[in-house]
Amino acid sequence: MRSSWIEYKGKKIFYQDFSKHFYNSAAVKAELAEVQKVVTSEPLNSVLALSDMRDTNIGSDLLPAMNAASAATKNHIRKTAVLGVTGMKRKLADLLTVLTGQPLKYFDDIESAKRWLAED
């Protein structure tokens, strides 16, 4: 698993590293399964999540897995910041938000994402 806990301004953030998988949906699905185990082991409404999707293609083949993982982790997530979602990926992410009800906030750089997550 590439994902890990990081600390920023005294806050614990779960950095979900889906970056640089390009068109490797199997690798994204494997990471997603591991991330889901970690998040669901945390208390309800407690996880600050930073999902890094830079240089990873999100196609329709990944939507069912992402939808299922999002539904399973939704109650454990307090806030989610997402990196690397633009263009068509943004439209798919917006669809995922509609399907799961889990709001996402998009960022262009990791520092602004971490700063937003650390705000109360």
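Two aromatic pairs were found in a search of the whole structure, where rings of Phe, Tyr and Trp (its six-membered ring) pair if their centres lie within 6.5 Å. Planes under 30 degrees apart count as stacked, over 60 as edge-to-face and the rest as tilted. The W5 and F14 rings have centres 4.8 Å apart and planes at 45°, so this pair is tilted. The F107 and W116 rings have centres 5.7 Å apart, also with planes at 45°, so this pair too is tilted.

The model is predicted: local features need pLDDT of at least 70, side-chain atom pairs count only at pLDDT 80 or more, and totals for chains, interfaces and linings use all residues. Residues are numbered from 1 along each chain as its sequence is written, and side-chain values use heavy atoms, leaving out hydrogens and water.

Accessibility was assigned with a 1.4 Å probe on protein chains only (buried, under 20% relative accessible area; exposed, over 50%; partly exposed, in between). F14 is buried at 1%, whereas W5 is partly exposed at 32%. F107 is buried, with a value of 12%.

K12 lies over the face of W5, 4.3 Å from the ring centre. K79 lies over the face of W116, at 4.3 Å from the ring centre.

Five salt bridges are present, each defined as a side-chain nitrogen of Lys or Arg within 4 Å of a carboxyl oxygen of Asp or Glu. One of them joins K12 to E42 at 3.9 Å, N to O. K12 belongs to strand β2 and E42 to the loop between α1 (25–40) and β3 (47–52), 30 residues apart. Helices (H or I, at least four residues) and strands (E, at least two) are DSSP runs, numbered from the N terminus. K12 is partly exposed at 47%.

R2 and D17 form another bridge, at 2.9 Å, N to O. R2 precedes β1 (4–8), D17 lies in strand β2 (residues 11–17), and 15 residues separate them. D17 is buried at 11%; R2 is partly exposed at 35%.

K37 is exposed at 54%, and E34 is partly exposed at 32%.

In helix α2 (residues 63–73), the buried residues are L63, M66, A69, S70 and T73. They cover an arc of only 135° around the axis, so they lie on the same side of α2. The arc is taken from the directions from the helix axis to the C-beta atoms.

How values were computed
A charge sits over a ring if NZ of Lys or CZ of Arg is within 6 Å of the ring centre and within 35 degrees of the ring normal.
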